[in-house]
Amino acid sequence: MGGLRPFLSRYGMSLTIQETSEGIGNVTGGVDQGFEYEGLTQMALQLDTQRAFGLHGGTFNVSGLQIHGRNLSADNLASLQTASGIEADRSSRLWELWYDQKFLKEDRLDVKVGQQSLDQEFMVSQNALLFVNTMFGWPMLPSADMPGGGPAYPLSALGVRFRLRPVDSLTILAGVYNGSPVSNNNGDPQQENATGASFPTEGGALFIGEVQYAYPSLGGMVYSDKQPLSGTYKLGFWYDTEDFPDQQFDNAGLSLANPASTGTPLNHHGDYAFYGVTDQMLWSDPNDEDADRTLNFFARAMGTPEEDRNLIDVSVNAGLIFHEPIPGRGDDTLGVGMGYASVGDHASDLDRDTGFYTGSLFPVQSHEEIVEVTYQYELTPWCQLQPDFQYVFNPGGGVPNPNTGQAVKDEAVFGIRTNIQF
Amino acid sequence: MLTINLKKLSLIAVTPLAAMIHAPAAGETDMFLPTIHRHITLASTVPDNGDLNPYAVIVAPVSAGKIQQGDVLVDNFNRISNLQGTGTTIVDYRPATKETSLFAELPRELARCPGGVGLSTAMTMLRSGWIIVGSTPSADGTTRTKGSGGLLVLDSSGHLADVWSGPKINDPWGNMVTIDRGNRATLFVSMAGFDVPGPDVRDPKTGHPAVIKEATVLRIDLSIPDGKPPVITNETVIANGFGQRADRDVFLIGPTGLALGSDGTLYVSDALGNQIVAIPDAVTRTGSAGTGYAVAKDGLLHRPLALTTAPNGHLLSINGTNGQVVEIDPSTGRQLCAQWIDADQAQSPPGDGDLFGIAMTPDGKGFYYVADDVNTLMKATP
């Protein structure tokens with residue numbers, strides 16, 4: 001880095017750069033078939049205030065994204081649960097810009113203020129982060145239902161977040177953010193906030209809270225070598241005060257598919273959902289001296305009863321993660337996961353209405369499932385290779401293929417990802 | 001670092017054995033770790049040059065030069081590129097002011113230190129003000145390019161005064177034990193680098209890098225002339241034959257922790273054997289005891305690393321493959337309990353590979369330790 005990092009370090013700053021590149025494509029189904037290149041460069045600069053000027057517990061963070069390549073899910077798949085977590089519009093953009101300050105003894109409280117991407121802290125399953133499919137990161141439900149897809153990669157929103165650790169095993173996260181990461185919820189959110197620097201403050205507010213329980217916790221005593229395996233359990237809730245368009249009816253009470261419709265959806269005030277996340281180690285190889293060889297389970301579910309204003313009413317992820325599947329390859333990981341997305345009744349009914357009013361056999365969206373098998377192979381400590389396979393059942397929940405008018409056929413997706421840390 | 005005053009050692013040594021045997025249920029009612037309830041992040045251990053991966057933790061026994069008594073000295077094993085075996089700095093955390101400063105920054109290359117400088121967990125400060133720190137160096141962050149390193153002698157202002165190397169010194173690795181008599185001193189330090197190849201040389205039976213059973217514990221007797229650096233007067237290998245091997249993640253695994261019992265028994269954490277062994281008569285013996293005899297094995301131990309001794313005489317042993325410290329009664333070998341002092345679930349198991357050095361606080365009520373994944377100095381207290 002030409003001496004840049006040592007220079008920054010003198011002022012208490014650290015710089016991280018990671019390049020993620022992948023070749024990914026579908027060999028069956030979809031609206032088209034073929035392979036594409038997708039790429040993301042992430043850069044983050046952090047300043048430790050203690051090292052910089054002696055203030056304990058403060059961190060400034062600024063991060064940026066350079067998104068390159070194409071977008072397979074948009075080009076070929078028409079799936080709800082998009083195939084890669086790095087897929088986004090080509091752009092160079094500001095991502096996060098915040099300051100975090102710790103308070104109280106043992107740093108039991110910290111407050112983060114600024115532009116934040118919620119997928120970095122809320123709804124996170126540590127094990128699920130291995131997978132390539134987007135929805136193992138920021139889940140399907142908020143991606144589809146929150147304005148602009150919610151403040152998550154590649155977007156973010158201004159807000160404040162509190163994190164309190166009242167006892168060592170329990171953490172409470174609570175935050176309030178701008179209700180949308182963009183000013184105008186009607187366009188492509190990534191185009192509406194093309195550089196990440198529009199800092200919208202108008203509109204509603206997004207409230208989110210999460211309670212986390214973890215075993216083990218700091219300070220926990222152990223009196224037997226037969227101790228429980230580690231795990232975390234999270235329960236959360238979010239409420240957004242923005243206006244949300246009805247999925248079926250217009251502002252005159254007619255179906256949006258009705259030729260007499262005004263075309264302007266009925267507006268609803270506010271939206272909310274509940275969720276739960278678990279990460280649980282199931283097995284640790286007693287014969288592995290490095291203790292790397294473990295089998296872990298994860299599951300995450302989110303649901304909302306507000307079907308009139310939400311495309312997705314339930315989404316679920318679950319899977320198994322096997323660290324060191326090949327003895328001696330302690331930094332390799334094998335993962336098998338699934339995703340489920342249920343299309344809400346009002347959105348499905350609109351499809352039925354469309355069929356009724358057009359007199360055609362219009363496909364009705366219902367639910368979409370994906371399975372993914374992936375293997376992360378550590379080539380060097382700074383480079384990983386990750387071959388990946390996904391199969392998408394009922395893409396888009398049954399969305400019609402514009403080329404045929406029939407529902408998009410199931411998709412077999414192959415890819416290989418590389419992560420390089422500079 | 002454990003520093004023992006010889007007068008105290010003599011007094012303890014003449015305590016009747018019967019009194020120790022009939023001491024009130026030391027293992028059951030006098031445990032140390034259950035008294036620890038708070039874990040406080042004190043400071044970042046990253047100096048201005050960006051060195052990472054804190055290993056050794058010692059508490060200054062005296063004030064001298066730039067150091068005040070009670071200061072906590074921490075060295076770094078990695079340089080800013082995060083290659084292991086390349087760190088060259090020692091930072092000084094002053095509890096009185098809560099400030100951290102750079103105590104020493106050594107040159108990467110030293111003519112008399114084969115392989116250069118990569119500061120390890122072997123560090124001590126003598127009452128005469130001299131600091132002695134081990135170098136286990138590498139060019140590429142693995143043992144493939146490691147040198148045999150040496151022991152570096154610094155004055156109390158952080159300036160290099162001498163380098164000790166030689167055939168009995170090969171990658172000083174674990175925490176030192178020191179017996180300090182003022183103008184004479186005795187050091188105990190483990191050597192874990194003899195004939196260790198790179199991490200790609202594998203044992204086909206285990207799939208892990210090949211284990212070389214050549215690690216030693218070296219006793220080094222010093223003379224300390226007034227105003228001059230210490231001089232080695234004698235080197236004795238008091239234990240040998242411990243397993244040692246390369247590792248892609250943690251560079252090197254071998255005997256790491258040392259602690260001296262009141263009867264002159266040296267306790268050694270044999271990381272690959274997953275046990276604590278005892279070397280009898282460590283202060284006086286003239287030859288090697290081999291790998292000694294096992295005091296505690298497996299159970300709560302998960303790759304034991306640095307050792308220290310709690311005020312109740314129990315050993316505190318840092319685990320390498322989870323975030324626990326284990327309390328052991330060395331008189332019975334019983335593993336009494338363990339405490340999670342790093343429960344970071346970003347690793348699996350939690351805290352895997354995060355811990356290394358440990359040192360008791362001067363009041364004996366708590367201990368300092370490092371969390372090397374986040375480059376911080378921690379303090380555990382009641």
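Predicted model: local features only at pLDDT ≥ 70, side-chain atom pairs only at ≥ 80, totals over all residues.
**Entry 1: cis peptide bonds**

The bond that joins A:Tyr153 and A:Pro154 is cis, and its omega is about 0°. I placed A:Pro154 in the loop between helix 4 (140–145) and strand 6 (157–167) of chain A. The bond from A:Tyr215 to A:Pro216 is also cis, with omega near 0°. A:Pro216 sits in the loop between strand 8 (205–215) and strand 9 (221–222) of chain A.

**Entry 2: positive phi**

I then turned to backbone angles. A:Glu106 is not a glycine, yet its phi is positive, near 60°. I found A:Glu106 in the loop between strand 4 (91–103) and strand 5 (109–116) of chain A. A:Asn394, again a residue other than glycine, has a positive phi near 55°. Its loop runs between strand 16 (383–393) and strand 17 (411–421) of chain A.

Is A:Asn394 buried or exposed? I noted 23 other C-beta atoms within 10 Å, so A:Asn394 is buried; the cut-off for buried is 20 or more. For A:Glu106 I noted 16 C-beta neighbours inside 10 Å, so A:Glu106 counts as partly exposed.

I followed the chain on from A:Pro154 into strand 6. Strand 6 pairs with strand 7 (residues 170–178) of chain A in the antiparallel sense, over 7 bridges. A hairpin of 2 residues joins strand 6 to strand 7 in chain A. Within this pair, A:Arg163 has A:Leu173 of strand 7 as its bridge partner.

Strand 7 of chain A is also joined to strand 8 of chain A, by 9 bridges, and these strands run antiparallel. Here I picked out A:Gly175, whose bridge partner in strand 8 is A:Ile208.

**Entry 3: a sheet in chain B**

I moved to chain B and looked up an open sheet of 4 strands. Its order is 2-26-25-24, and the pairing is antiparallel. Which strands stand at the edges? They are strand 2 (38–44) and strand 24 (358–360) of chain B. Each has a single partner strand, so one side of each is left without a neighbour in the sheet. On average, neighbouring strands of this sheet are turned by 25° against each other, direction ignored.

I checked the pairing of edge strand 2. In chain B, 6 bridges join strand 2 to strand 26 (residues 376–381), and the two run antiparallel. One of the residue pairs I noted is B:Ala43 with its bridge partner B:Leu377 in strand 26.

How values were computed. Residues numbered from 1 in each chain as written. Chains lettered and ligands numbered in written order. Buried ≥ 20, exposed ≤ 12 C-beta atoms within 10 Å, placed from the backbone. Pairing = 2+ DSSP bridges. Axes fitted to C-alpha atoms, helices over the stretch in contact; angles between N-to-C directions.
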